[in-house]
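Start with the structure itself.

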Amino acid sequence: MKIKITRRALLAGTAATAGVTAFAGPWKHNRVWAQRTDKPILIGLTHDASGQFANSGQDEQRGTIMAIEEINAKGGVLGRKLSYIVADTETTPSTATRIAERMINRNEVAFIVGAIQSGVANAIGQVAQKYGVVYFNTNSSSPTEAGKDCQRVKFVWDGTGANFANAAAANAVKTFGKKWLLLTNDYVWGHNTSKATRTTAVQYGADVFDEILVPVGTRDFSPILLKIQQAKPDVVAAAVGGDDFKVMRQQTVDMKLDRKPAWLNNQQDWPDVYGLGIDSVFGVFGTTWYHKLDLPGVEDLVKKYQARWPDTRIDVPGNVFYNGYMAMHELAKAIERAGSTNNLKVIRALEGHKMSARDRLQHGDAYIDPVSHHVQQTIYMAMGNDKPVDKTDYFKILSWVGADDAKDKNEATDCKLQPLDKTPSYEM
Amino acid sequence: MDFLLYLLPHLLNGVALGLLFALIALGFMLIIGVMEVINLAHGSLFALGAYFALSLMTPDGGLKLGIAQLLFDLPIGWRYVIVLILAPIGVAVVGMGLEVCLRRTYGKDPLYGLLLTFGAALVLEELIRLTWGPTERFIPMPPSITGAVFIGDLIYSKYRFFASGFAILMIGLLWLFLEKTPYGALIKAGAHDSEMVRALGVNLTRLRLFVFGFGTALAAIAGIVMAPIWGVRPHVGVDAVVPAFVIIVLGGVGSFWGAVIAGLLVGMVVGLTGAYATDWSLIAMYILLILVVTFRARGLLGKKSVLEL
């Protein structure tokens with residue numbers, strides 16, 4: 001059979017192909033399928049369920065899911081319900097990359113929320129930026145997340161190692177002494193946190209005489225603890241996380257080295273310590289939230305958590321849950337303010353957004369830094385509680401520092417956000 | 001002199017670490033030596049031992065049986081002794097179940113056994129997660145073996161002394177069992193020439209079942225002893241199976257003293273690199289493995305391989 005292609009048919013075919021491509025083409029270009037729809041807004045939840053941060057990942061998940069349920073109970077966002085899919089990022093950056101790609105290209109999520117480990121957060125951030133998908137890094141706290149690895153689509157909700165160092169270092173030099181030793185987990189968060197601690201400590205007169213690198217996966221800290229004893233520092237500033245931290249803490253307490261020298265543990269994630277007993281908390285550390293803060297709304301949140309998650313072994317919410325929970329609520333509010341799920345409008349609604357202390361259940365106001373996309377917020381310094389009021393009262397809050405005092409000044413120079421017009425646009 | 005004073009605690013710590021590594025590898029050595037099965041579930045059985053101990057040591061451990069209250073009412077020291085007996089027996093039963101599953105792989109490509117035990121490791125880890133949850137757990141220990149010991153200016157963990165002593169005891173008991181009892185002779189004979197043992201009327205199926213159960217009980221004992229040092233979490237077994245494998249290859253497959261010496265060597269290397277080049281401390285045992293295997297493919301005390309004939 002002979003097919004004759006006329007000029008008109010060719011032009012019509014080309015136009016039709018171009019039209020279909022514009023709508024159905026690769027993500028990079030445009031996604032406008034769901035405009036003016038009442039179908040649920042799909043959110044990809046990237047939480048670790050296995051690997052070193054599995055426990056924290058599941059706690060974070062309790063926060064994001066509880067927030068989604070609360071939002072839906074109030075009618076959703078822009079008249080649409082929120083729905084979600086969850087994937088285990090396995091505390092592994094390569095898995096996180098694969099999952100982010102799949103969520104965006106196959107599941108067509110509108111937003112991605114979740115991360116504990118910096119490598120995972122960075123991996124998801126890179127994929128999200130490629131497609132323009134707004135991504136909330138809820139709990140990874142490497143200073144680079146809001147520094148050199150910042151992205152236009154990425155928003156960082158936890159305090160970073162630099163924030164905690166800023167909040168603690170001056171006081172620690174004054175109280176404990178000037179001879180400092182750094183203990184650094186040998187991966188991106190550890191290195192960047194120790195770098196920030198060193199800078200701040202030196203600024204306040206400390207002499208950082210040694211830095212011990214701790215390989216990820218270290219299970220025996222006895223040689224390191226012996227070395228610390230022999231070096232006799234005034235302060236050990238530790239940037240050790242996840243299972244490594246749990247093992248280190250256990251061995252340090254067992255050797256009775258938890259009182260002397262003074263330990264500055266940067267940040268203490270609640271799931272890493274809860275269930276081990278109050279005695280296992282050692283050193284001075286930072287946190288963004290505590291369930292016994294004497295503030296309106298805190299007790300209510302604890303009750304809601306206990307009603308929703310009666311079977312979890314973590315009886316009360318902690319900072320990791322809190323970051324996930326707050327981030328998800330703020331995402332919904334940002335979509336409402338933007339009046340659309342259009343990513344660029346949501347980004348604009350988030351940049352510079354101020355959050356009251358009352359809404360944040362913290363002592364000070366917070367804001368999303370338009371320069372780094374980092375939530376600048378209150379940082380609490382705490383230590384093990386010697387007078388607990390009940391079995392959940394692990395921390396004694398020593399002091400708190402406001403958003404601007406804890407802020408990492410390097411973010412302004414290190415973070416180079418991609419221009420909005422270079423960020424792919426979509427609406428779901 | 002200052003150098004020696006600095007070095008001495010690290011040398012002693014290396015020996016203590018080495019004994020613990022040897023303890024971890026004993027069960028693995030027994031199973032691979034007698035049955036020629038690389039039991040990749042060794043780590044999960046190690047973890048299961050710790051979790052069984054958790055359930056028997058504390059009411060928070062998830063054991064809801066009324067009879068358990070009798071155990072919880074006992075002084076903690078006695079409870080710990082009972083746990084050191086009961087928990088390994090429980091894990092041995094699980095291990096024997098695994099051996100029954102393994103039977104169809106005997107005499108076939110060793111890869112089948114490897115894959116089966118790998119699958120079992122994943123299943124056991126998930127079962128632990130489902131039963132006890134993903135959070136870190138803590139096993140209470142008798143106060144007499146916790147806390148610190150002061151040696152001059154240095155502080156060391158009392159528990160590590162106990163754990164190292166216990167490891168020596170276990171190594172000694174296992175050696176006596178293998179060398180001085182008729183059962184040990186049977187096990188060794190089974191490892192050397194299983195067909196001949198069968199021809200002499202020994203029930204080889206039962207022998208293998210016993211050896212696998214015994215090996216997994218040893219893994220459980222190591223898990224209980226290491227729990228206060230490494231902690232208790234569902235994936236803690238991964239931390240045990242890798243060094244166990246390294247130690248067995250390093251010492252020579254099937255060699256009892258090879259495993260003990262390799263454990264001590266690994267402990268020493270990890271301890272000393274931890275002191276002088278901490279960032280190399282994890283990789284150090286693998287470098288040691290490469291060095292030894294490069295010059296002696298069968299490991300330190302391994303039998304002569306076909307390749308060397």
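## Helix α10 of chain B

Helices here are DSSP runs of H or I with at least four residues, numbered from the N terminus. The model is predicted. In chain B, α10 is followed by G252(B), whose phi is positive, near 105°.

The helix itself covers residues 237–251, 15 residues in total. From first C-alpha to last, α10(B) reaches 21 Å, close to the 21 Å expected at 1.5 Å a residue.

## What covers the helix

How many of the 15 residues of α10(B) are buried? Eleven are, so the helix counts as mostly covered, with burial set at 20 or more other C-beta atoms within 10 Å. Among the buried residues are G237(B), D239(B), P243(B) and G251(B). The cover includes α1, α2, α5, α9, α11 and α12 of chain B.

## The largest nonpolar core

This core has 218 residues. I124(A), A25(B), A53(B) and A220(B) touch the most other members. The largest share, 17 residues, comes from α1(B). Domain 1 and domain 2 of chain A both give residues to this core, so it lies between them.

Take A53(B). Beyond its neighbours within four places in sequence, A53(B) is in contact with V83(B), A87(B), I139(B), I224(B) and A227(B).

## Where chains A and B touch

Each side is counted separately: 34 residues from chain B and 34 residues from chain A. On the chain B side, α1, β2, α6, α9 and α11 each give two or more residues. The largest share of that side, five residues, comes from α1(B). By class, the chain B side has 16 nonpolar, twelve polar and six charged residues.

Key
Residues numbered from 1 in each chain as written. Chains lettered and ligands numbered in written order. Predicted model: local features only at pLDDT ≥ 70, side-chain atom pairs only at ≥ 80, totals over all residues. Expected span 1.5 Å × (residues − 1). Buried ≥ 20, exposed ≤ 12 C-beta atoms within 10 Å, placed from the backbone. Contact = placed C-beta atoms within 7 Å. Core = buried A, V, L, I, M, F, W, Y, C linked by C-beta atoms within 7 Å. Domains from an automatic or database assignment. Nonpolar A, V, L, I, M, F, W, Y, C, P; charged D, E, K, R; others polar.
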